[in-house]
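Here is a short report on charged pairs and on one helix. Have a look at the chain before reading on.

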Amino acid sequence: ENGFTVGRTEVVAVEVEDRPGGLNKILEILRGAELNVEYMYAYVRHSGRDAIMIFRFDNANAAIDVLKNNGVSIIEKEQLDGL
C-alpha cells in the first residue's frame with residue numbers, strides 16, 4: 001500500500017540509520033520474518049541524517065507491515081520525489 005512503482009516494478013523505500021549496522025538492523029528484521037529481498041539499492045539525497053534504501057520484495061505488502069511494526073520509517077513516493 002505504501003510501496004510505489006518505478007517503471008513496472010513495485011519497490012519500497014525505507015529510512016536506514018546512516019551508521020555502521022544501520023542496514024543490518026533492517027535486514028535482521030526481514031530475515032526474522034522470513035521475507036525475501038529480491039534486490040536493493042541506495043537512494044542518494046543531499047540532506048538528512050538517515051540513508052534511504054530502495055527494496056524490491058517478493059511480497060511488498062507483508063514487508064511493509066513487518067517493517068512498520070518494527071519501527072522502520074517507510075518513505076512514500078511523494079516524499080521521495082521531494083528529496
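Which residue forms a salt bridge with Arg19? The partner is Glu17, and the closest N and O atoms of the pair are 3.1 Å apart.

## About the model

This is a predicted model, where local features need pLDDT of at least 70, side-chain atom pairs count only at pLDDT 80 or more, and totals for chains, interfaces and linings use all residues. Residues are numbered from 1 along each chain as its sequence is written, and side-chain values use heavy atoms, with hydrogens and water left out.

## Salt bridges

A salt bridge here is a side-chain nitrogen of Lys or Arg within 4 Å of a carboxyl oxygen of Asp or Glu. That rule gives four salt bridges.

Glu17 is partly exposed, at 34% relative accessibility. Arg19 is also partly exposed, with a relative accessible area of 44%.

## A pair within one helix

Helices (H or I, at least four residues) and strands (E, at least two) are DSSP runs, numbered from the N terminus. Helix H1 spans residues 22–32 and holds both Glu28 and Arg31. The two are three residues apart, about one turn of the helix. They form a salt bridge, with the closest N and O atoms 2.8 Å apart. Glu28 is partly exposed at 37%. Arg31 is exposed at 58%.

## A pair between strands

Arg56 forms a salt bridge with Glu38. Their closest N and O atoms are 3.3 Å apart. Arg56 lies in strand E4 (residues 50–57) and Glu38 in strand E3 (residues 37–43), so this pair ties together parts that are 18 residues apart in sequence. Both ends are partly exposed: Arg56 has a relative accessible area of 22%, and Glu38 is at 41%.

Some bridges share partners. Glu17, Arg19 and Lys25 are joined into one network in this way.

## The buried face of H2

Which residues of helix H2 (residues 60–69) are buried? They are Ala60, Ala63, Ile64 and Leu67. Seen down the axis of H2, they fall within an arc of 100 degrees, so they line one face of the helix. The arc is that of the directions from the helix axis to the C-beta atoms.

These buried residues pack against strand E2 (9–17), H1, E4 and strand E5 (74–75). Contact means heavy atoms within 4.5 Å. Just after H2 comes Gly71, with a positive phi of about 80 degrees.

How values were computed
Buried < 20%, exposed > 50% of the residue type's maximum accessible area, 1.4 Å probe, protein only.
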